[in-house]
Amino acid sequence: MTESCEVAIVGAGPAGISAACILADQGVETVVLERGEFPGSKNISGGVLYGHDLAGIIPDFARQDCPIERNIVESRVWYASDEGGFSLAYRDAIFKEERRLNVFTVGRARFDRWFARQAEKKGALVVCGTLATDLLRNKAGRLGGVRTDRELGDLKARVILLADGINSPLAAKTGFRPDPAPEHVALAVKEIIELPEEIISERFNVSDEDGVSIEILGSVTRGMNGVGALYTNKKSLSLVIGGNLRDFAELKLKPYELIEEFKAHPMVASLIKDGVPREYMAHWLPEGGYEHVPRLFGDGYLIAGDSGMLFNALHREGSNMAMVSGKLAAETILQALKKDDFSEESLSIYQEKLKESFVLKDLKKYRRFPGFLRKHREIFTDLPLSLSMAARDMLTVDGVDKKTKQSRSWKMIKSKTPLLRLARLLFNAWRSVK
Amino acid sequence: MNIEDKLFLNRFQVDDTSHLRIVDPKLCLEECRDQPCLYLCPARVYTLEQDGRINAAYEGCLECGSCRIGCPELNIEWRFPRGGYGVRHKFG
Ligand SMILES: Cc1cc2nc3c(=O)[nH]c(=O)nc-3n(C[C@H](O)[C@H](O)[C@H](O)COP(=O)(O)OP(=O)(O)OC[C@H]3O[C@@H](n4cnc5c(N)ncnc54)[C@H](O)[C@@H]3O)c2cc1C
Ligand code: SF4
Ligand code: SF4
């Protein structure tokens with residue numbers, strides 16, 4: 001059987017659903033195909049979402065029962081060694097009141113489901129449990145629909161939005177974008193650790209609605225270019241750790257062992273103490289950066305979100321890039337519908353819109369960042385260890401004068417990371433984010 | 001906590017056929033020195049059999065895709081489980 005619609009969207013993640021909301025709002029006949037039993041059932045993120053970009057799709061989301069876990073009032077960054085580490089925290093009362101829900105945590109199984117329901121309320125059709133297995137082309141080679149693995153069979157459409165996330169066998173099969181190389185994705189594992197609400201509030205020194213996010217760099221990734229994170233939910237903590245997929249292979253690290261070691265880190269262990277693990281998940285993050293963003297449009301199709309490598313690793317912003325790219329893709333489609341022209345040329349305004357938005361501006365600004373991390377492996381190996389040893393020495397009160405301590409700390413740091421290399425690290429770090 | 005216990009926390013809707021297939025077992029034996037599928041996989045789906053073959057316990061697959069592009073011989077035929085099957089997140 002063949003069904004047809006105006007716009008077919010593959011994937012009910014933030015990118016696909018954002019587009020569906022905008023299109024359905026304008027009365028465009030939109031079908032979203034989702035392989036999971038319900039939207040979100042296949043998805044994870046560290047768990048923070050950004051109110052500004054969600055409000056761009058659902059302005060009154062906070063009043064629409066959006067499943068918010070905790071409003072983030074404090075962000076911490078740790079630079080960890082094996083037995084401890086440095087901690088930098090920033091808390092601001094403005095995020096409690098005036099800029100409440102600037103950043104908040106969610107569980108994607110609940111959030112994506114809620115988000116998809118908003119699209120349905122606007123008139124979009126979200127078809128779950130349905131895998132898009134191929135793209136349909138007419139004799140001239142132009143895209144004309146999607147093949148699925150369900151009774152629905154083929155879904156004909158005038159234009160297709162590919163919002164199918166970073167791991168796309170569909171891309172590998174049809175070639176609409178190149179499959180990522182192992183060095184262009186990070187593999188992350190995540191555990192949900194349940195704890196009573198009041199214990200979480202107490203441990204993180206927040207009220208029951210508010211929460212804390214912690215990003216953890218250093219030796220916790222065992223030498224991989226990667227990062228760990230700990231976020232507060234209402235009655236659980238999200239614990240995430242991941243690294244570049246090529247590094248995983250080269251260093252022969254096992255993800256499930258890595259997360260166990262991470263849980264045992266003294267700064268982490270005290271925060272998750274007595275918690276009960278409830279779920280274990282794994283997912284990729286796009287890490288190619290600006291240089292590896294594929295072409296995001298062609299005759300009859302557009303690509304949004306993770307599928308287009310739109311992820312800012314430095315600021316762990318992915319879901320908002322997905323929402324904004326989905327929205328801009330939908331706006332492009334609305335213009336194309338008016339012109340009745342879905343050619344590559346007509347859809348190319350998508351690229352212009354992305355260039356004008358923070359999406360491609362930020363990715364361009366940080367284009368050197370992935371290379372910087374690849375080049376300076378010492379950030380994840382020697383540097384956290386020698387800096388920690390130096391701090392430990394300085395803070396140990398043992399009758400040795402500070403000048404002696406200072407010079408032996410310097411010597412130790414320089415023996416691991418020569419001065420020239422340190423200078424280059426600082427210069428390259430500045431250049432990669434300037 | 002070992003990987004079996006971790007997977008036990010999850011909900012899976014297991015299909016009766018595998019979505020993972022090792023195309024040429026000979027390649028695993030003869031060409032693949034590092035056998036990264038054995039440690040790369042976050043669900044320890046791949047294990048080494050006594051006779052040197054690689055077994056794929058697809059039931060616990062977390063669908064990350066790492067073996068798909070991480071196998072140096074591209075020897076794993078990989079597709080998503082059928083719509084509605086596979087891992088089903090409770091929290092996400
Ligand atoms: C561990 C981790 C931590 C992260 N932390 C953060 C964070 O804190 N903040 C942040 O902003 N971002 C974070 N991200 C990134 C963020 O999750 C992604 O950028 C975002 O989910 C991308 O949205 P998307 O809609 O493009 O893709 P996805 O959310 O991946 O959605 C794709 C959808 O398509 C479906 N699908 C795929 N193929 C098919 C097919 N063939 N047929 C039918 N359906 C299909 C999938 O089931 C899925 O529902 C994190 C990611 C990970 C993995
Ligand atoms: S990595 Fe690929 S080729 Fe090597 S053992 Fe595993 S499946 Fe076989
Ligand atoms: S997709 Fe991921 S979880 Fe599944 S078998 Fe491959 S590496 Fe393991």
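Here are a few notes on chain A and on one of its residues, A:Asn167.

1. Before you start: this is a predicted model, where local features need pLDDT of at least 70, side-chain atom pairs count only at pLDDT 80 or more, and totals for chains, interfaces and linings use all residues. Residues are numbered from 1 along each chain as its sequence is written, chains are lettered from A and ligands numbered from 1 in the order in which they are written, and side-chain values use heavy atoms, with hydrogens and water left out.

2. Along the principal axes, its C-alpha atoms fill a box of roughly 80 × 45 × 40 Å.

3. Burial: 57% of the 434 residues in chain A are buried, meaning under 20% relative accessible area (1.4 Å probe, protein chains only).

4. Where A:Asn167 sits: look in the loop between β10 (154–162) and α4 (169–174) of chain A (DSSP runs numbered from the N terminus: helices are H or I, at least four residues; strands are E, at least two). A:Asn167 counts as buried because its relative accessibility is 7%.

5. What A:Asn167 meets: leaving out residues up to four places away in sequence, A:Asn167 touches A:Trp284, B:Glu63, B:Cys64, B:Gly65, B:Arg68, B:Trp78 and B:Phe80 (heavy atoms within 4.5 Å). Its side chain also makes a polar contact with the side chain of B:Arg68 at 2.9 Å (N or O atoms within 3.5 Å; within protein, one must be able to donate a hydrogen and the other to accept it, and residues adjacent in sequence count only if both atoms are side-chain atoms). A polar atom of the A:Asn167 side chain lies 3.3 Å from the backbone oxygen of B:Cys64.

Key: Buried < 20%, exposed > 50% of the residue type's maximum accessible area, 1.4 Å probe, protein only.
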